[in-house]
Amino acid sequence: MKNVVTDLASQGGPPAFTEKLHVGRPNIGDREQLMARISDMLDRRWLSNNGPYVQEFEQKLADYLGVKHCIAMCNATIALEIVARAAGVTGEVIVPSFTFVATAHALQWQEITPIFADIDPNTHNLDPEQIEKFITPRTTAIIGVHVWGTPCVPDVLEQIAAKHNLKLMFDAAHAFGCSHNGQMLGGFGDAEVFSFHATKFMNSFEGGAVTTNDDALAARIRYMKNFGFAGYDQVDYVGTNGKMTEVAAAMGLTSLESLDHFIATNFENYKAYQAGLADIPGISMFSYDENEKRNYQYIVVEVDEAQAGISRNRLVELLHAENILARRYFYPGVHRMEPYASLFPHAGMLLPNTQKLSEQTMILPTGTAVNPTDIAQVCQVIRFIAANAAALSAA
Ligand SMILES: Cc1ncc(COP(=O)(O)O)c(C=O)c1O
């Protein structure tokens with residue numbers, strides 16, 4: 001029979017949080033600055049269509065990332081779709097399955113087939129050695145994902161792409177503010193795509209941006225995100241509507257001004273979690289390369305059931321009962337979601353590391369909405385569960 005105890009206090013454990021502690025609560029910059037910007041925007045009556053805030057945001061992002069072109073978009077999913085089309089991608093594209101489903105959907109949406117390659121269990125990113133096994137005559141591109149903001153070995157992928165004459169794009173949705181060998185992510189491959197969704201550490205409510213050093217590609221992307229318009233009455237490409245609004249850019253600019261504060265807070269939280277979760281058998285935290293720039297937005301914990309005596313799923317269930325809304329990531333893995341599960345029913349056999357990590361990994365709350373006292377309590381709860389795993393684990 002299943003042991004269904006979820007109330008830790010009744011077992012002599014720490015008290016539950018009285019309010020829910022969420023993963024991905026938005027960081028909010030200077031409210032007055034945001035309101036002033038919105039007020040100016042309303043006075044100008046320029047709410048969309050490449051307004052002054054969007055132009056300023058694009059310029060500031062390009063400067064910060066050290067990249068030639070930055071094109072702001074309504075979100076990263078549409079940005080990925082547009083980049084793939086603008087780069088002439090067709091047929092098959094190699095992607096990880098250990099990612100948010102949008103990476104694959106952006107391709108499948110336009111009938112380009114995502115081919116899932118396995119990841120390196122240490123970096124959680126595409127394993128370069130796996131990529132070449134999946135290249136066929138139909139392959140036209142690779143999309144690497146910088147999972148948790150850890151670079152998806154861009155220099156190695158650039159070599160593979162060049163060798164096989166493939167396009168190379170990066171889903172950098174997690175990776176704003178991160179570097180590789182001292183160079184900011186944003187300028188690698190043919191193009192990179194950032195997300196400024198509310199849950200990202202730097203947000204524009206919803207939003208995204210494409211960065212590239214390729215002039216011709218940048219021009220095509222600009223047209224395509226604006227219905228293909230190349231002049232007032234001239235349409236040269238099939239296009240869509242990927243434009244960022246002025247209010248989103250106002251939020252993006254305001255977030256950008258608080259970037260250092262957001263990163264410092266995330267780093268402090270990361271260190272508090274590292275200290276609080278140290279030496280719990282079977283519970284390990286993903287660590288970041290502190291010699292490079294990182295945004296520390298994801299507190300990633302792996303649960304090894306054999307050692308911890310409790311499964312990741314049961315741990316998440318117990319944490320939820322304590323109002324700690326930890327999330328399973330990336331669960332169940334894109335290859336086990338539709339339509340991919342039906343298209344590739346045996347994909348899992350080729351993705352052992354992806355399957356394992358998607359069963360073991362969870363993320364914990366961080367960001368400016370969480371403070372070190374909260375974190376100490378979250379860690380205390382996890383420690384208590386681990387110490388009482390035999391009694392608390394579902395039999
Ligand atoms: C890895 C990854 N790719 C793509 C996306 C899609 O971004 P957006 O919500 O801006 O469309 C997200 C996040 O939401 C993501 O985490």
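**Exercise 1. How do the residues of the lining of the largest cavity divide into nonpolar, polar and charged?**

*Solution.* Keep in mind that you're working with a predicted model.

Step 1: start with the search. Going through the whole structure turns up 1 cavity of 30 Å³ or more. The largest cavity holds about 50 Å³ of space.

Step 2: look at who lines the largest cavity. Among the lining residues are A173, H174, A175 and F176, and the list also includes K200, F201, M202, N295, Q297 and Y298.

Step 3: sort the lining by class. You get 6 nonpolar, 4 polar and 1 charged.

Step 4: Domain 1 (9–26 + 259–326 + 365–392) and domain 2 (31–257) both give residues to its lining, so the largest cavity lies between them.

**Exercise 2. Find the largest pocket, and work out where it lies relative to domain 1 and domain 2.**

*Solution.* Here's the general idea before we start: rolling a probe the size of a water molecule over the atoms shows where empty space is left.

Step 1: get the volume. For the largest pocket it's about 690 Å³.

Step 2: find the middle. The largest pocket is lined by 34 residues, and the closest to its centre are F100, H174, T199, K200 and Y329.

Step 3: see which helices and strands take part. Those giving two or more residues to the lining are α3 (76–86), α4, β14 and β15 (361–364). Of these, α3 gives the most, with 3 residues.

Step 4: check the classes. The lining of the largest pocket counts 16 nonpolar, 13 polar and 5 charged residues.

Step 5: answer the task. Both domain 1 and domain 2 give residues to the lining, so the largest pocket lies between them.

**Exercise 3. Describe the second largest pocket, then take a closer look at F227, one of its lining residues.**

*Solution.* Step 1: volume again. The second largest pocket has about 290 Å³ of space.

Step 1: list the lining. You'll find N49, N50, R222, Y223, K225, N226, F227, F229, Y232 and K243 there. By class, that's 4 nonpolar, 3 polar and 3 charged residues.

Step 2: zoom in on F227. This residue is in the loop between α7 (215–224) and α8 (246–257). With a relative accessible area of 37%, F227 is partly exposed.

Step 3: check the backbone. Phi of F227 is near 65 degrees, a positive value in a residue other than glycine.

**Exercise 4. Take the rings of F98 and F330: what kind of aromatic pair do they form?**

*Solution.* Step 1: count. The structure has 20 aromatic pairs.

Step 1: look at the geometry of F98 and F330. Their rings are 5.1 Å apart, centre to centre, with 90 degrees between the planes. Planes over 60 degrees apart count as edge-to-face, and that's the class of this pair.

Step 2: find where the two partners sit. F98 is in the loop between β3 (92–96) and α4 (102–108), while F330 is in the loop between β14 (327–328) and α12 (340–343), so the pair ties together parts that are 232 residues apart in sequence.

Step 3: check burial. F98 has a relative accessible area of 0%, so it's buried. F330 is buried too, at 6%.

Step 4: look at other rings. F57, Y64, F176, F194 and F196 make up one aromatic cluster. Over at Y53, the charged end of R44 sits over the ring, 4.6 Å from its centre.

Technical notes:
Residues numbered from 1 in each chain as written. Predicted model: local features only at pLDDT ≥ 70, side-chain atom pairs only at ≥ 80, totals over all residues. Heavy atoms only, no water. Phe/Tyr/Trp six-rings, centres within 6.5 Å; stacked < 30°, edge-to-face > 60°. Helix = DSSP H or I, 4+ residues; strand = E, 2+ residues; numbered from the N terminus. Buried < 20%, exposed > 50% of the residue type's maximum accessible area, 1.4 Å probe, protein only. Lys NZ or Arg CZ within 6 Å of the ring centre and 35° of its normal. 1 Å grid on protein atoms, 1.4 Å probe; cavity = no way out; pocket = protein on both sides within 12 Å on 5 of 7 lines; lining within 4 Å. Points joined across faces, edges and corners; volume = space filled by probe spheres on them. Nonpolar A, V, L, I, M, F, W, Y, C, P; charged D, E, K, R; others polar. Domains from an automatic or database assignment.
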